[in-house]
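Subject: Structure handover

Hello,

Here is the structure for you to look at. Please open it first, then read the notes below.

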Amino acid sequence: MDNCIVCKSKCLDIFLKVDDLTYWKCKFCEAKFLDKKNYISYNEEKKHYLKHNNSLSDQGYRDFLQCLIKPLKDKISNNDFGLDYGCGYAPALADIFKKDGFNIDVYDPFFFPNQNIFLKKFKFIACSEVVEHLFKPYEEFIKIDNLMDLNAWFGVMTSFMTEDFLFKNWHYRRDPTHVVFYKKKTFKVIASQRRWKVLFPSKNIALFNKIDLS
Ligand SMILES: [Zn+2]
């Protein structure tokens with residue numbers, strides 16, 4: 001691959017070859033990502049999401065989502081309009097926000113491909129367990145930037161990479177739909193390439209704020 005799929009840097013090396021899979025590393029943003037020749041097909045990917053998606057009533061999953069919902073709620077107010085981006089077929093995160101009195105749209109390329117959202121601006125956007133699935137994160141983060149109102153908050157939950165040597169045996173890597181892995185440094189680069197600040201309020205959470213220069 002010629003460019004980092006997260007930051008577009010050309011400073012790439014092969015990171016790991018395992019079970020016929022090739023992973024690249026970016027020396028600039030420290031992202032690791034699967035070679036595109038190893039991507040699974042659209043239909044396989046959709047089947048995987050249907051098998052693994054969590055139901056709306058799963059209390060354990062709803063508790064897990066609070067890790068992302070809590071820090072976002074600290075930053076927004078009740079009349080703010082939000083978006084659950086990559087919500088899957090059972091949008092539990094949006095359901096919790098709605099029950100808490102927030103207005104929130106849902107979008108998912110497989111299950112809720114509602115193109116109207118791209119005509120709107122949102123005060124908050126949540127991506128729970130989404131960014132590790134992105135084939136084109138650089139372009140997706142531009143799309144998200146365009147969906148963000150000035151001063152908007154964008155919360156990401158994904159398992160952050162820790163030490164490189166743990167990668168090979170990491171359960172998160174073995175999910176065939178997980179194609180890109182992030183470190184704190186990666187999120188700092190993502191913010192620096194846009195008009196965003198980034199905070200890390202808790203484990204596996206990155207919280208971006210679009211800076212209002214007006
Ligand atoms: Zn990079």
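A residue is called buried if 20 or more other C-beta atoms lie within 10 Å of its own, exposed if 12 or fewer, and partly exposed in between, with C-beta atoms placed from the backbone. Helices (H or I, at least four residues) and strands (E, at least two) are DSSP runs, numbered from the N terminus. By that count, four of the five residues of E4 are buried, so E4 is largely enclosed by the rest of the structure.

This is a predicted model: local features need pLDDT of at least 70, side-chain atom pairs count only at pLDDT 80 or more, and totals for chains, interfaces and linings use all residues. Residues are numbered from 1 along each chain as its sequence is written.

E4 and E5 run parallel and are joined by five bridges; two strands pair if DSSP finds at least two bridges between them. Tyr 85 has Tyr 107 in E5 as its bridge partner. From E4 the chain crosses through H3 to E5, a right-handed β-α-β crossover (with the strands pointing away from the viewer, the path from the first strand over the helix to the second runs clockwise). E4 is also joined to E6, by three bridges and in parallel. There, Asp 84 has Ala 126 in E6 as its bridge partner.

These strands belong to an open sheet of six, in the order E5-E4-E6-E7-E10-E9, with mixed pairing. The edge strands, E5 (103-107) and E9 (196-199), each pair on one side only.

E6 (residues 122-128) and E7 (residues 148-157) pair in the parallel sense over six bridges. Ile 125 stands opposite Phe 154 in E7.

Regards
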